[in-house]
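User: I have a structure open and would like to learn how to read it. Could we go through it feature by feature?

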Amino acid sequence: MKISREDVVRVAELAYLDLSDAELETYRKQIDDILEYVGKLNELDTANVEPMAQVLTDDQTADATLREDVVVPCEVAGEILKQAPDPEPPYFRVPKVIER
Amino acid sequence: MMTNWTIDGVKEAIAAKKVSARELTGDFYRRIEARNSELNAFLTLSPERAYAQADKMDALIASGKPLPPLAGVPIAIKDVLSTRGTRTTCGSKILENYIPPYDATAVERLESAGAVILGKTNCDEFAMGSSNENSAYGPVRNPEAMDRVPGGSSGGSAAVVAAGLAVASLGTDTGGSIRQPGALCGIPAMMGSYGRVSRYGLIAFASSLDRVGPFATNVKDVAAVMAVIAGRDPKDSTSTTAPVPDYRAELEKPVKGLRLGIPRDYFAEGMDEGVRKKIEAGIEIFKKLGCQLIDIRMPHTDYAIAAYYIIATAEASSNLARYDGVRYGLRTNNDSLLSMYRKTRGVGFGAEVKRRIVLGTYVLSAGYYDAYYLKGQKVRALIAQDFRDAFTKVDAIVTPTSPVPAFKLGERTDDPLQMYLADIYTVTGSLAGVPGISVPCGRINDKLPVGLQLFGPAFGEARVLQLAHAFEQAGGATV
């Protein structure tokens, strides 16, 4: 067994994801199968391989990622707040975080 | 009215005033009304926006001004691409009522080029799936075989074009989500190189893999849409300044003498016999066209699914952290901040999304990062190297798009791993960042479409399109 029920509970907590008991067990089993399959990666010796952290090479991104820092007015705050479940312009309101 | 429209056909008809853009738009909405209840391919229609654009095109024609390249062409957009003022759900309950305040750059470019945006297409939730059965709004049916899936995740975008409910559409591809539904629905479908098409306004699934690309009924139209959406966008730092060639002009160049790599690693076990026969017959077409067929090895192919599902889920777990009930979308429970986060996400996400968030969080978590995520990134480097090595010997690579034709609805939903294996031939190119296209390559028993996939080197879209066009012209679709 690659992943235990406790692992799934811990990970769900890290991801702020509420899972039912049935979901916990189903996912544990399915993820266990997937991790079992993924284990085949260990057949490859990658000791001297650099991980691929970027898709584009430096010469493809150099001028794409650097630009002048220019101020551009952006006036969509009102429209964005309209999408919020509980807005109080100009704020997003959330349940109380700090207990006294 | 005519039913099999192409981009050129639309332009000629409206320029010659045989039909107005408004009439054509109305005709497409009537077709959608007639077919969509059985196909479930459109989630939201945007007639107000579509007719306003059609009227703009009709005014251009009346004034005798030159027409933009996609004037009056009815186009559908996958529901993971933001559309200003039109609901964008990502196939998820968590964004059921979300109305973006801006357009994705690809959508904006299509509209600037004269296209008429009909509406938003169904897809697997947050583009996670290979059958469109993970949509919170029900599965899409394959118009070529109504008891079967259209593929996924861009199943709706493939189905609407195959059924004649749009002339072209946009999908997104993370591990095969454009190419595989294109294959299963029998139409050409393209994923450009990583960095080729702006992703601004694409709601992110896995940022090192996600790409935007077109579906159409023929390769020339795929090229026409690519030409409009490709190119640098200052709003997307991963879009490159590499020049965009005139793809349509490149199409007619002769393919004789081009070297095509046939990676025997793609023709191993697990492929449906019917698919194998069609792909072999398809390869014969390239031979007749005078291409040189070269046997190549891509030794890390067999590890691609494993690497892909580590990397894609890790990135998804991070990208989907934004759905927390604060700024947009669903909010459930108001007891405390943390329980609001947990319940909102638990209720709002569907099973596949939750499964991937758990897996992705696990492979990134302390103690497992090196064994899974880092290992996956290293194997990804090996797969990318396979492609670089291959492209020192060949101009393009030919493979099947999917190991199986369209399968029956419900047939594979219980076993996620089996579903993931459907992406076996497409995820390699996703990991490597290279462009790929699926073109129709005959039908099994004259019914179920087969797709042939062509990969080119990074930013070699023109070559891939040229080969796909030659294949199509030589009768590839009826092989």
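Analyst: Start with one side of one helix. This is a predicted model, and in it the face of H9(B) turned away from its buried side carries the exposed residues Glu273(B), Glu284(B), Lys287(B) and Lys288(B).

User: Which residues of H9(B) are buried?

Analyst: Burial is judged by counting neighbours: a residue is buried if 20 or more other C-beta atoms lie within 10 Å of its own. In H9(B), the buried residues are Val275(B), Lys278(B), Ile279(B), Gly282(B), Ile285(B) and Phe286(B). Viewed down the axis of H9(B), they fall within an arc of 100°, so they line one face of the helix.

User: What do the buried residues of H9(B) pack against?

Analyst: They pack against elements of chain B, namely strands S7 (259–263), S8 (292–296), S9 (396–400), S10 (436–444) and S11 (448–455), together with helix H16 (461–473).

User: What is the reach of H9(B) from its first C-alpha to its last?

Analyst: Compare the span with the one expected at 1.5 Å a residue. H9(B) covers residues 273–288, which is 16 residues, and reaches 23 Å, close to the expected 22 Å. Just after H9(B), Gly290(B) has a positive phi of about 90°.

User: Now a single residue. Is Thr313(B) buried or exposed?

Analyst: Apply the neighbour count again. Thr313(B), found in helix H10 (residues 304–319) of chain B, is buried because 28 other C-beta atoms lie within 10 Å. Leaving aside neighbours within four places in sequence, Thr313(B) is in contact with Arg356(B), Leu359(B), Gly360(B) and Val363(B).

User: How should I read chain B as a whole?

Analyst: Begin with its make-up, then its dimensions. Chain B has 16 helices and 11 strands. The C-alpha trace spans about 65 × 55 × 45 Å along its principal axes. A compact globule of 479 residues would have a radius of gyration near 23 Å; chain B has 21 Å, which agrees. Of those 479 residues, 64% count as buried. Then look at how far along the chain the contacts reach. Among contacts in chain B between residues at least 6 apart in sequence, 76% join residues at least 24 apart.

User: How many residues does each chain give to the contact between A and B?

Analyst: Count each side separately. Chain A gives 46 residues and chain B gives 58. On the chain A side, helices H1 (5–14), H2 (21–38), H3 (58–65) and H4 (77–82) each supply at least two residues. H2(A) gives the most, with 8 residues. By class, the side of chain A that touches chain B has 31 nonpolar, 5 polar and 10 charged residues.

User: What covers the buried residues of H1(A)?

Analyst: Identify the buried residues first: in H1(A) they are Val8(A), Val11(A) and Ala12(A). Seen down the helix axis, they fall within an arc of 100°, so they line one face of H1(A). The cover includes H2 of chain A together with helix H12 (351–364) of chain B. Just after H1(A), Tyr16(A) takes a positive phi of about 50°.

User: Where in chain A is the confidence lowest, and where is it highest?

Analyst: Where pLDDT is low, the predicted coordinates should not be read in detail. Chain A has a mean pLDDT of 90, with 90% of its residues at 70 or more. Confidence is lowest in H3(A), at a mean of 61, and highest in H1(A), at 97.

Methods:
Residues are numbered from 1 along each chain as its sequence is written. Chains are lettered from A and ligands numbered from 1 in the order in which they are written. This is a predicted model: local features need pLDDT of at least 70, side-chain atom pairs count only at pLDDT 80 or more; totals for chains, interfaces and linings use all residues. Two residues are in contact if their C-beta atoms, placed from the backbone, lie within 7 Å. Helices (H or I, at least four residues) and strands (E, at least two) are DSSP runs, numbered from the N terminus. Ala, Val, Leu, Ile, Met, Phe, Trp, Tyr, Cys and Pro count as nonpolar, Asp, Glu, Lys and Arg as charged, and the others, Gly among them, as polar. A residue is buried if 20 or more other C-beta atoms lie within 10 Å of its own, exposed if 12 or fewer, and partly exposed in between; C-beta atoms are placed from the backbone. pLDDT is the predictor's confidence in each residue, from 0 to 100. The arc is that of the directions from the helix axis to the C-beta atoms. The expected span of a helix is 1.5 Å times one less than its number of residues. The radius of gyration is taken over C-alpha atoms; the globule rule is 2.2 Å times the number of residues to the power 0.38.
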